[in-house]
Amino acid sequence: MNDLQDDDDSLSITVSTEASGKRLDAVLAAACELSRSRIQTLLREGHVRTAGGSVISQASARVWEGERYLLTLPPVKPLILEPEDLPLDILFEDEHLIVLNKPAGIVVHPSHGHDHGTLVHALLHHCKTLPGINGVERPGIVHRLDKDTSGSLVIAKSEVVHQRLSEMFAEHNLNRQYVAWCRGVPSWRVKCIELPIGRHPHQRQKMAVTDNGRESITDAAVEHIFGPFSQMRLTLHTGRTHQIRVHMAHENLPVLGDPVYARSYHPGREIPEPARHAIATLSRQALHAELLEFDHPISGEPMSFRAPLPEDLTILHDALTKSYG
């Protein structure tokens, strides 16, 4: 291991035997528990010096046992967003992270057309001080949920925790399970859907299963059949944009209420009440990130969080149960 000494905003790293001969950016990233891209930015900006005081900026430079480097962390840049006092449904919180039950209708991060009322605005109000992620004062968004998908979401409070959680997501060292109500009943009861997802070739705002897409893996299991509808348990092994919605639509099992990947559906009189009314009045996709399990990035303690179903999906489930048993 590398010898790391922390003095306020300066870090002194001495190269170990195991790290000898490796790239400077890789060694610094491992020693400081920062992302490789963050280290490369600090190198470019002149924040890394040798023991002799010379600035070093070459990320690919090889390091050797016993060499010492001094890394200075610049002050955190303020995020130009106004905190907003919005309600948060907090499932767990400590000094390192927060786990939320995100409601449908809330955008996670500001973007074009969503410059206020986002989850980040609410977190900036809730977290009075933030140590910063990648040098900018903001909550550590590790993963996202679509605007109209509800459920469990973890947010880091420090750069170290952000980095460790990001690695968990990248290496799939956590358990993410969703529940969805879909139109159709598959011939199978359990299936691993392994189909690449990329941008739709003609409709750029949509995603699609494409030959040149990125690896995307979803484990799907039928939990209950309600006549012509299925309640599905879906476990993500990758986290592509709209992954579950795209995979389910490709399997001819579109998520009920999905305005993008499900063709317009108006349940007819062959669908009994109250199911017909519950489906017809859905205002978003019937998809909920129910279960989130991971080891705490600092203590290593196993953590498990189950986000309760929101009212609209509880109404849907109860209506399907009454109609089909």
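Buried means under 20% relative accessible area, exposed means over 50%, and partly exposed lies in between. The model in these exercises is predicted.

**Exercise 1. Describe the chain as a whole: what are its secondary structure, its span and its buried share?**

Step 1. Count the elements. The chain has 7 helices and 16 strands.

Step 2. Take the span. Along its principal axes, the C-alpha trace covers about 80 × 45 × 40 Å.

Step 3. Take the buried share. The chain has 325 residues, and 46% of them count as buried.

Step 4. The chain exposes about 16,200 Å², with 49% of that supplied by carbon and sulfur atoms.

Step 5. Check the reach of the contacts. Take those between residues at least 6 apart in sequence: 65% join residues at least 24 apart.

**Exercise 2. Work out how many disulfides the structure has, and examine cysteine 182.**

Step 1. Recall the bond. A disulfide is a covalent bond between the sulfur atoms of two cysteines.

Step 2. Set the cut-off. The two sulfur atoms must lie within 2.5 Å.

Step 3. Apply the rule. The count comes to 0 disulfides.

Step 4. Cysteine 182 is buried, at 0% relative accessible area. Cysteine 127 is also buried, at 7%.

**Exercise 3. Follow two salt bridges, arginine 23 with aspartate 25 and glutamate 251 with lysine 191.**

Step 1. Start with the general idea. Side chains of opposite charge can pair when their charged atoms come close.

Step 2. Get the total. The whole structure holds 12 salt bridges.

Step 3. Take the pair of arginine 23 and aspartate 25. Their N to O distance is 2.8 Å. Arginine 23 is partly exposed at 28%, whereas aspartate 25 is buried at 0%.

Step 4. Take the pair of glutamate 251 and lysine 191. Their N to O distance is 3.0 Å. This pair links distant parts of the chain, 60 residues apart. Glutamate 251 is in the loop between helix 5 (243-250) and helix 6 (275-280), and lysine 191 is in strand 10 (residues 190-194).

Step 5. Classify both ends. Glutamate 251 counts as buried at 18%. Lysine 191 is partly exposed at 29%.

**Exercise 4. Explain which parts of the chain the salt bridge of arginine 306 and glutamate 290 ties together.**

Step 1. Take the distance. The closest N and O atoms of arginine 306 and glutamate 290 are 3.2 Å apart.

Step 2. Locate the ends. Arginine 306 lies in strand 16 (residues 302-306), and glutamate 290 lies in strand 15 (residues 287-295).

Step 3. Conclude. The pair therefore ties together parts that are 16 residues apart in sequence.

Step 4. Classify both ends. Arginine 306 counts as exposed at 51%, but glutamate 290 counts as buried at 12%.

Step 5. Widen the view. Glu223, Arg233, Glu290 and Arg306 are linked in a network of salt bridges.

Conventions: Residues numbered from 1 in each chain as written. Predicted model: local features only at pLDDT ≥ 70, side-chain atom pairs only at ≥ 80, totals over all residues. Heavy atoms only, no water. Buried < 20%, exposed > 50% of the residue type's maximum accessible area, 1.4 Å probe, protein only. Salt bridge = Lys/Arg side-chain N within 4 Å of Asp/Glu carboxyl O. Helix = DSSP H or I, 4+ residues; strand = E, 2+ residues; numbered from the N terminus. Contact = heavy atoms within 4.5 Å. Areas by Shrake-Rupley, 256 points an atom, 1.4 Å probe, with all protein chains shown as cover.
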